Amino acid sequence: MKALVYDEPKKFSIKEIETPKCGDNQVLIRVNVCGVCKTDIHIHNGDFISKFPLTPGHEFAGVVEKVGANVTDFKSGDRVVADNTVLCGYCYYCRRNQPLYCDNFYSLGVTGPGGFAEYVVVNHDKVFKISDDLSFDTASFVEPTACAIHGMDRINIKNGDTVLMFGSGPTGIILAQLLKHGGAGKVVVAAPSQFKLDVLNNLGIDTVKIERDNDSANEAKIRELSPKGYDVIIDATGAFSVLQLCFKYAKKGSKIVVYGVCDASDKIEISPYDVFSQEYEIIGSFAQTHCFDRAINALETSIVKVDNLVTHKFNLSDYAEALDVVASGKNNMKVLIYS
Ligand SMILES: [Zn+2]
Ligand SMILES: [Zn+2]
């Protein structure tokens, strides 16, 4: 089969490799489409948990090609997606029912072979059928939606809460929709690119256009929309300077959510006195596990709409071009790769 193979960070090619064998408890999926994510940029640069050689791609949807001898819940031709997380089940965290913290956390497309290939093999317990009404393009958003649903579980929004989110990437836009449907009163997204803010406005979400180098004007606009401050402030940019800024819009009891991926070496300044006296809650949200069923439901019922998020489509052989588009960050939202 054809697959994208990284021999080491920044060194990749499209190769003809052996199609993976389908184990007794596994499902072989013929990949239709796989989304490119910012994580794939981190993987490209070698600054993530990945091990090489590696075939990345963790946002895939496709059709069952073959099932293992013990698999009765799927058959060839089923339209499916797959939760890319693989959890050991026996480590300290797995045994205390905290599987996301698994000491042996393994993830298809990040630490093991993923969906930028013609086929991917997945343990059957992580495969999910999708309805015929859900297009493969939309289904490629199940994984990012699952991550946003995990974020919702972490944030634990209350009815009427005001929310401020910095950043308007696809996962941010998905999270904003879930917050709105999850009971938030006002959801304000602050970001610089107008075409992304237009998508949010069309979804009924308030926006503030951030002007570069005009902090005071930005602050005035953000404050005007919720003069007392915000109950929940989310960094969905992964820029530590923006995360630092989040505290500015906090009020007593606010939750500050680290949703974007900062670099491991980044630092911000926090006043412990403020955290104590204002009772700030600082919440991290990392990946997901066991959120796929709810994510499929959210997309099938249009609680989450992703129709306007796809800006580019490439064939697997044009991965280099796709990566350039994603890395540039400009004028793109979701980039999809077809195998
Ligand atoms: Zn991703
Ligand atoms: Zn484990």
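## A β-α-β unit

In this predicted model, strand β16 (residues 310–315), helix α10 (residues 319–328) and strand β17 together form a β-α-β unit that is right-handed. The two strands of this unit, β16 and β17, pair with each other in the parallel sense over 5 bridges, and within that pairing Phe314 stands opposite Ile337 in β17.

## Strand β17 and its surroundings

Strand β17 (residues 334–338) is largely enclosed by the rest of the structure, because 4 of its 5 residues are buried. Besides its parallel pairing with β16, β17 pairs with β3 in the antiparallel sense, over 4 bridges, and there Gly35 is found opposite Leu336 of β17.

Where neighbours within four places in sequence are left aside, Ile233 is in contact with Leu164, Cys246, Tyr249, Ala250, Ser254, Ile256 and Val257.

## Two domains

The chain is divided into domain 1, which covers 2–141 + 309–338, and domain 2, which covers 148–284. The C-alpha centres of these two domains lie 29 Å apart, and the contact between them takes 5 residues from domain 1 and 5 residues from domain 2. On the side of domain 1 that touches domain 2, the residues by class are 2 nonpolar, 1 polar and 2 charged.

Key: Residues are numbered from 1 along each chain as its sequence is written. Chains are lettered from A and ligands numbered from 1 in the order in which they are written. This is a predicted model: local features need pLDDT of at least 70, side-chain atom pairs count only at pLDDT 80 or more; totals for chains, interfaces and linings use all residues. Two residues are in contact if their C-beta atoms, placed from the backbone, lie within 7 Å. Domain bounds come from an automatic or database domain assignment. Ala, Val, Leu, Ile, Met, Phe, Trp, Tyr, Cys and Pro count as nonpolar, Asp, Glu, Lys and Arg as charged, and the others, Gly among them, as polar. A residue is buried if 20 or more other C-beta atoms lie within 10 Å of its own, exposed if 12 or fewer, and partly exposed in between; C-beta atoms are placed from the backbone. Two strands pair if DSSP finds at least two bridges between them. A crossover is right-handed if, with the strands pointing away from the viewer, the path from the first strand over the helix to the second runs clockwise.
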